[in-house]
Amino acid sequence: MYILKNAWISIVRNKGRNILIGIIILIIASCATITLAIKNTANDLIDSYVSAYDKEVTIGFDRSSMMKDLDMGDPNGREEVKERFNSIVNLSLDDIEKYADSDYINDYYYTYSIGLNGQSIEKAEAETNNNFGRKDKINSQTDFTLTGYSNIDAMSEFIEGTYVMEEIADNAWDIAFDGDYVFINSELASYNNLKLNDKITLVSEDSKTYEFQVIGIFKENEDSGEPNMSMFSNSVNTIVTNTESLVKITSSNTNVKGDIHPTFIINDYNDVDKLQTEFYEKGLDESYILETNEEIANAGVSSVKNVNSFATTFLVITLIIGGVVLFVINMINIRERKYEIGVLRTIGVSKFKLTMQFVSELLIVALVSLLIGMGIGTVSAKGVSNSLLANEISNSQNKSDEINKNFGRGDHGDLGKGRGFAVVQAYDSIDAVVDMKVLLELLGVGLSLVLVSSIASITSIQRFSPLTILKERS
Amino acid sequence: MKDILLSVKNVSYRYSDAEEDEYALRDVSFEFESGKLYAIKGRSGSGKTTLLSLISGLERCTDGEIIFDNKNLKDINLDKYRSNDIGIVFQSYNLLPFMSASENIILSMDINGNKTKNKKEQAIKLMEKVGLKSSYANRRVLRLSGGEQQRVAIARSLSYNPKMIIADEPTGNLDKKTETEILEIFKNLAHEENKCVIIVTHSENVCKMVDKVYDLDKKK
């Protein structure tokens, strides 16, 4: 008890120095409260935003590994590359189902593509001038590429805004994944005078015909596509449908080959390496690798991350400078109080108790300053954090509106929920910026500062010989 | 039968950075009884202060042993030994200057673990016992004369009623009259309160007033 009494006597006795220490800790505490509150709020926003994105894994070619050790300048090298690519076995639906049966995977969907020629409609094609003044024809093996999606989450072109729905049948989203319905490019529609609910007939290479009904007309977003010198957009001959229709075609007609692109939803991006190993064990060709959407998911919160990073840097700098200043003040304090230490040690105060007294002095000043600093920080942090929050809500709302517009819906429906574009409501109720977590962190920061800056006194007390001190004094 | 309180047995002390044969104190053996006033005399460099620091537990001897009240100092907590069993009085008083006379004494009681509530009254009684007026209780020690400060230091050393008092040149900074008064206090403590009082000194005047003198010069 006398340790605290002595500590208090020393605080009162050294008012000037303790007020200076108090002011320094007050500034540190205010800055720390603001930065910790911003950091926590920013982390909440980031977590909330990123968690709204599904953690997606797709399968792609490991091109760099395939091209390794090959000389593309050499005709033999080029042939070897072709051979390597041709030797890779295409993924089948069975493969996808086999891979998806994993503890790391929550869900999966896929797109399925086949090629068919037009019977009732004509492929939109144009001649372009190339750089050498020759006329080239846009060419592919079949007239149309039919891309089937397993569900709405798989429709990444619409979600990302590459395709934007221009016209859509009333019940389109109710039937889009159940039958032979298609969405076609608006240019293709114009080229063939097609309207909503018209029927189109496509034909396979072996002359089997397939009929589809048009339930939507989309256009390619000029801002999001590849640069295109043609009069038509890249997707003009792309017909969007569902996987069921296409699987039905490839099952009944072995001459029509399908190309499948799966997307797996995982729990944690850190599991990707383990998942890839599991896929290889299940038979995936090692020319394939797994790729994630982590970068894309994080891109939307880059500004919040910047704020977070700034807050962290600011906090660290404040703590370092504050810690050094406090350490120096404590060093001076110890030098001034060397005699007191000598006397107290001589009359029987143990090193431990003496250390506790010096730490207690700083702790009392620090706690008072922390409380005041916390109050100042709380008042300031709310404004800063709420401003940050409002900005983020506005950005998220705009994104949500934009995506719904891509799907041809004006309201904020549930379309694509889980893809991260209908979550703005989750943010508008965050109000308590300085919460228990911040308080505990601040307490941790305060205690760490006290301990770090007390190192001077602790080491000096351990090192000082009372007799030497008193001799010097004499 | 002798009532030996402190035995210094073949004690030597060598500083850690000293040469092998360089001792601050070498093979010293003394015995101290309760109820007697002792003087340890010697010239500068004879090892007086070293011996004082060893018997007051501020240093540990390199060879030999010091037995206090049948306990070897090597085996006991020296902080407790200093705060409970012995009182130390220095030539330069070593009081805390930012405290009053009574606060210095009360601090010593606190360190000893004295739980009584009327510590200030006890402090004043101790001050009166060493010839200080009670009105000095709240006075900062720096506003007291040398003799008065030394009396406060003695009162502090008595605050937990130790069995032994060790004083290092306690009258070195005082005039003749005050020196005699202070020595009288020590004499009373030894003869009337059965304490063992050891005074480290080079003063012949002090040596004349004590019961027994140990001469470190003869040991060298």
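Two residues are in contact if their C-beta atoms, placed from the backbone, lie within 7 Å. With that in hand, let us look at some close-up views of this predicted model, in which local features need pLDDT of at least 70, side-chain atom pairs count only at pLDDT 80 or more, and totals for chains, interfaces and linings use all residues. Residues are numbered from 1 along each chain as its sequence is written, while chains are lettered from A and ligands numbered from 1 in the order in which they are written.

**View 1. Chain A and its contacts.** Among contacts in chain A between residues at least 6 apart in sequence, 85% link residues at least 24 apart. Chain A has 16 helices and 12 strands; here helices (H or I, at least four residues) and strands (E, at least two) are DSSP runs, numbered from the N terminus. Of the 474 residues in chain A, 34% are buried. A residue counts as buried if 20 or more other C-beta atoms lie within 10 Å of its own, as exposed if 12 or fewer do, and as partly exposed in between, with C-beta atoms placed from the backbone.

**View 2. Helix α13 of chain A.** This helix covers residues 338–346, and its buried residues are A:I341, A:G342, A:V343, A:L344, A:R345 and A:T346. After α13(A) comes A:G348, which has a positive phi, near 105 degrees.

**View 3. Where chain B meets chain A.** Here 17 residues of chain B are in contact with 14 residues of chain A. On the chain B side, the elements giving two or more residues are α2 (78–85) and α3 (101–112). The most come from α2(B), with 4 residues. Sorted by class, this side of chain B has 6 nonpolar, 6 polar and 5 charged residues. Ala, Val, Leu, Ile, Met, Phe, Trp, Tyr, Cys and Pro count as nonpolar, Asp, Glu, Lys and Arg as charged, and the others, Gly among them, as polar.

**View 4. Two helices side by side in chain B.** The axes of α3(B) and α5(B) (residues 146–158) come within 8 Å and cross at roughly 25 degrees. Axes are lines fitted to C-alpha atoms, for helices over the stretch in contact, and angles run from 0 to 180 degrees between N-to-C directions. The two helices, α3(B) and α5(B), are therefore roughly parallel to each other, a label for angles under 35 degrees. Their contact is made by B:A101, B:N104, B:I105 and B:S108 of α3(B) together with B:V152, B:A155 and B:R156 of α5(B).

**View 5. The sheet of chain B.** This open sheet has 5 strands in the order β6-β7-β8-β3-β9, with parallel pairing. Two strands pair if DSSP finds at least two bridges between them. At the edges stand β6 and β9 (212–215) of chain B, each with a single partner strand, so one side of each is left without a neighbour in the sheet. On average, neighbouring strands of this sheet are turned by 20 degrees against each other, direction ignored.

**View 6. Strand β7 of chain B.** All 5 of the 5 residues of β7(B) (164–168) are buried. B:M164, B:I166 and B:D168 point one way from β7(B), and B:I165 and B:A167 point the other way. With β6(B) (residues 86–89), β7(B) pairs in the parallel sense over 4 bridges; B:I86 has B:M164 as its bridge partner. Another 5 bridges join β7(B) to β8(B) (residues 196–201), and these strands run parallel. Opposite B:D168 stands B:V200 in β8(B).

Terms used: Angles under 35 degrees count as roughly parallel, over 145 as roughly antiparallel, 65 to 115 as roughly perpendicular and the rest as oblique.
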